[in-house]
Amino acid sequence: MTRIGQFRAWLGRDVNALLLAGALLLAAWPFFQGDPYSLRLLTLSGIYALAAIGYQFVFGHAGALSLAQGTFFGLGAYAAGILSVKAGLGFELTFPAAMAAAGLLAVIVALPVLRLESHYFALATLGVGQVVLLVAVNWESVTGGANGIAGVAKVSLFGLTVERGWPLMLLVWGLAGLGAWGARHFTGGMAGPKFALMREQPMAAEACGIDIRRLRFTAFLMSALYGGAAGALQVHTVRVVSPEVLEFPIMVSLLAITVIGGRTSIAGAILGAVLLVHLPEWFRPLEKYYLMSYGAALLATILVAPWGLMGALRMARQRWLPEPALPLPAPLPLSISATQDTLEIQRLVRHFGGVRAVDGIDLTVASGEALGIVGANGSGKSTLINLIAGAEKPDAGSIHWADGRIDGMPPAAIAQAGIARTFQSLKLVDAMSVLDNVSAGDRMGVDRRSAHGKAVELLGQLGLADVAWLPCGSLPPGLRRRAELARALIAGPSLLLLDEPAAGLTGEERVSLADTLSRLNRDGMTLAVVEHDLDFLTRFASRLVCLDGGRIIADGSPELVRDDPAVIAAWLGSPPVEACDG
Amino acid sequence: MELLQLVINGIALGAGYALVALGFVLVLNATSAVNFAQGDLVVAGGFMGVALAGLAPLPGIALLPFAMILMAAVGLIVSVLAYWPLRDRPPVSVFISTIALGIIIQNGLNGIFGAEPRVAPAMFGTGRFEFGGLALSHQSLAIMLVAALLIGGVHLLLGRTQLGRMLRATAQDSDIAAALGIPVGAMVALTFALAAALAGAAGLLLANQFFVTPADGGNFIVKAYIAVVIGGWGRIGGALAGAMLVALFETVVAAWFDYAVATGLLYAALLVILFVRPEGLFGEAAGRRA
Amino acid sequence: MLKTVTRRVFAVLAISALPATALAEVARIPVLVPVTGFLSLEGTAQRNGAVMALEEAIAAKVSVAYEFSDTSTSPEVAVTAMERAMREEHTLAVVGPILGTQMLAMLPLAEEYQVPLVTISGTAKLTEMGNPWIFRFFPGDAVTKVAHARYVVEELGAKRPAILYQTTAYGQSGRANLVETFASLGTTPVYEEGLEVSVKDMAPVLSKAMAANPDALVLHMHSGPTALLVRQARAQGIDLPIIAGSAMHQPTTAALLEPAELKGVCAESGSSPKSGGSSAMEHFAADYRVKFGSEPDAFALAQYDATRMVLAAMAHGAMASAAMRDWLSSNSFEGLAMTYKSDGKGNMAHNAVIVCYDGKSRVPQIAKRYEGVDLAK
């Protein structure tokens, strides 16, 4: 395709044409409204856009409601302000110092705070912010107390002063653009789908070998760095630093910008920032009621566009102007690691309260074996899978894989050792395309392009190529099961654990799935499949075990196990006569 | 003796906070969403008392039912505006919508009443009881009594009535409740009304002793939030205990340390509690739904 | 309420709709003060005082117009408001906010725009930065806090004052001046503590302060907390003299308390319009009540005086912002509260009063006048 052709294709996709128009409008704006007031509003918009793009890492991508972004912003402002006034440093030093200060705080509080969930995390970050505010107000000798510090210098780079108005506005948007590019680069790569999976389906993320704590920490730290950078720009623009930069209204603004613009859309953050900085100005003539009108506009926006303005734009586009189907990326070959690793389970026990779900299981799965696990509901099959995959911790016994003991290891580490799994109840990100859902499992992948290539190869093998760009939530159960299987396969596991993969599939789909599994097994992949459907299992399994009451009651070739009277009694239903009648 | 006096003061203040936290946790249970306007509703209740006293110069106890009924109506509006359209969205949407609503309430009150502190009428009158060197103002006693009555009333409502059972079923699992034929929407609206009425009562009670200005809401919501987290997310008894703990920090701990240090200690304690017991001091009731 | 807003909107629209030729003749004096947030009480008084002076002038056919903008609580909003106001040509002076941090942020901008800032903010630092564009018409901390401390020591004979202040810009800078003056008078406070504005129960701080056995309570706090502390101190049977900051002179603060609770309570201030004193003052207070439906305080009066001095400068031909600065810095003006004259740094007000309540009414009486406090040094 020619360069122009590529550009046309880009324009036709998503809401890109609209974004380009918006960006041009934004760039042209000061030419029409070039007075210092408009330039200042645009400068402030750029500053808040930068802080909001940063906030999207932790709030949008990692899905954690942090209330500390205003604190990182304020801390950056204080660091830059103090260094400018007291040490006379220029922007080339105050700017990185502000980022470092915010980053340092993030590192310090990460340990106690990041392991908290949902609203506990929100309140803990709020508490951190309050403590920082308290310090700023009361440590008068350094921070100037509630009066703050006046006389912060204008932005000066290596002795060159950047005047307010045009130069400052361009610098701020230059840095905001740089920040946007960095964020785009980061989340447009493998981090994007991984974040989505971690946010929406944390269990599945861990099973795909994603280290959630590390990813959360990365997001939190990135947020802090962006917040600190924006704070430095703010203090050199306003030229005074006082505790107001640490107070809650800034946090509320950033939250509102992100929610109104769109939680993960960079264009949304910019749109939201421009809008929220200008909104109160438009209502100025209402005098003391202008903030009330601002609140009303905020409320109206979230009611009308609950997924953010960018979300609303995308939905409108999909509704009124459906995109032509995109061509699929070229498939890339997969690497399947045919290792000689053996899974060895010894005297494994797991109980819930008084119930022994797994009650002393000894089981060895040799390399290249295709094992079917059967048993009645509640016989311990799923628990066994969860124990192997690390989603549950055993109460006694051991699991060895390859050369090491894996019981008690976190699920992500087990996945990294080459064990992949699927779930009985599907754990996909409904709003994300099949392609990205599958790519999220590519834990070794370095960039999204190659992950997409591998995903396309798998989707072709599994008959999903036609739906690659559709969101998973829109697919029938059979296709979603296969998408989850593809996600488990993309990292090229040595051992694949499947928990009722045939549930909800039609007869035809079952046959095709069994053929796929059979082929994978021939290629050297070890399988352990929990399933009710014996016919399905016998199509590829070389060995069956039957569980009852958390113990293995039969183990052998499929024929042998199927005809075992104990198995018939325990699983196929007792008394057998009725089963025959039925 | 002095300690005892401070504890008494703390309990009176904590009784007020407890009403705020109770409303917060009721909405939380029914909707999994944080109503961040709860603090501004307290302030609105205070100004409701000021306005009602301007119309009819009666003691606070006579105005209380009217203030609560009017605030319940405000609560219905809150649920219709800020919760109902967002019920199928992530809870954080409601967090933002109620923040927006709080901005509207705060600045609306600032526009109507002005920024100066106002005082609401006392429940029964001014004066104080003294016994053995301890003092208890009539208003403090009134706060404790009214709060105890209201909390007891809510307890009976939830525990002993058909309506209460429906409210609790909705709070436990709205899908199952809907399947059982309970009008979930009406129950949620009613919960918002109840929460706003409690906030209004707290506002009227506290606005006599501590005055009220339009900007006070932020302080109340943060205190309620802390109380609910300390007490265990979604746990009603825990929220009440948490409110008492917060108030005792403000009275008893602040009598030994600087206010700045006492506040710092409160947040430090909060962070330690979260670190050591992430599910709150009294365990979690609402689960990880939010 | 809504009607006045609509009327103002129309007024603003009407002004902006005027043809450009007519605009050039009209002098502009934007009013940028906080009417939302925690200083909105003081800011509203400021706004009312300025608006009253300007509308009197407009009624007298002076060619002047004003636009009012809220500065809320943050420096960022204040600076934006100033840029917005400075879009208009022919701006002679800007009425600046009472909030010190906002003023500090506006100072460099005033210098770039070469426009005088006329304010009542008390923050000491404002006039210490060597900026020639600041004019302060309310006695700063260097005046009021000296009067405050001198009254406590010299008139009340206190030797063991306890200072309670607020952890805000207002509170911290006032406290510094108080301590300094006490030291120069040979007195050391026996207790000091900064309180957050949100503190509700004052019993803990009172118990700590009383443990130091003080002979006077010196407050430097905002309106609501001042009233809370006075009430709780009286309720606990503490009958020490309480000498409060200027918030206590405000009628809205006194309205929160019973007259009996106010016995032995004094306050510093620049003036006390409610206490009357002259027919001009009483006339002002009456007009103010009619116009705004509330009692005027010293902040309203000071901003009224300040704005009238700006108008007087215009009457004397200062029709450009540089001429305005020169006139303000070299002339004296007979205001209602006092005579204003710059000390060379932009401090225009040098007098303070101490008012005291008698325990029978909510109208304070002037107990002591301090004149030329900062000039004597």
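# Briefing on the predicted complex

Chain C averages a pLDDT of 89, and 93% of its residues score at least 70. Over residues 1-24 of chain C, however, the pLDDT is below 50, and this stretch has 13 contacts in the model beyond near neighbours in sequence. The model is predicted, and the predictor assigns the complex an ipTM of 0.88 and a pTM of 0.89.

**Confidence in chain A**

- The mean pLDDT of chain A is 88, with 97% of its residues at 70 or more.
- Within chain A, confidence is highest in helix α4 (residues 69-86), at a mean of 96, and lowest in helix α25 (residues 576-581), at a mean of 34.
- Where pLDDT is low, the predicted coordinates should not be read in detail.

**Overall fold of chain C**

- Chain C contains 14 helices and 16 strands.
- Its radius of gyration is 21 Å, close to the 21 Å given by the globule rule for 377 residues, so chain C is as compact as a globular protein of that length.
- The C-alpha trace of chain C spans about 70 × 45 × 40 Å along its principal axes.
- Of the 377 residues of chain C, 61% count as buried.
- Among contacts in chain C with a separation of 6 or more, 68% come from residues 24 or more positions apart.

- Strand β10(C) covers residues 216-220 and is mostly covered, with five of its five residues buried.
- In a regular strand the side chains alternate between the two faces of the sheet.
- In β10(C), C:Ala216, C:Val218 and C:His220 point one way, while C:Leu217 and C:Leu219 point the other way; all are buried.
- Strand β8 (residues 161-166) of chain C runs parallel to β10(C), and five bridges join the two.
- One of the residue pairs between these strands is C:Pro161 with its bridge partner C:Ala216 in β10(C).
- β10(C) also pairs in the parallel sense with strand β11 (residues 242-244) of chain C, over two bridges.
- In that pairing, C:Val218 stands opposite C:Ile243 of β11(C).
- Helix α9 (residues 223-235) of chain C, together with β10(C) and β11(C), makes a right-handed β-α-β unit.

- Helix α6(A), residues 118-138, has 21 residues and reaches 31 Å from its first C-alpha to its last, close to the 30 Å expected at 1.5 Å a residue.
- α6(A) is mostly covered: 18 of its 21 residues are buried.
- The contact between chains A and B takes 31 residues from chain A and 35 residues from chain B.
- On the side of chain A that touches chain B, α6, α12 (248-261) and α14 (290-304) each supply at least two residues.
- The largest share of that side of chain A, ten residues, comes from α6(A).

**Contact between chains B and C**

- In this contact, 28 residues of chain B meet 28 residues of chain C.
- On the side of chain B that touches chain C, α1 (2-31), α4 (91-113), α10 (236-251) and α11 (259-276) each supply at least two residues.
- α1(B) gives the most to that side of chain B, with five residues.

Conventions
Residues numbered from 1 in each chain as written. Chains lettered and ligands numbered in written order. Predicted model: local features only at pLDDT ≥ 70, side-chain atom pairs only at ≥ 80, totals over all residues. Helix = DSSP H or I, 4+ residues; strand = E, 2+ residues; numbered from the N terminus. Rg over C-alpha atoms; globule rule 2.2 N^0.38 Å. Buried ≥ 20, exposed ≤ 12 C-beta atoms within 10 Å, placed from the backbone. Contact = placed C-beta atoms within 7 Å. Pairing = 2+ DSSP bridges. Right-handed = clockwise from strand over helix to strand, strands pointing away. Expected span 1.5 Å × (residues − 1). pLDDT = per-residue confidence, 0-100.
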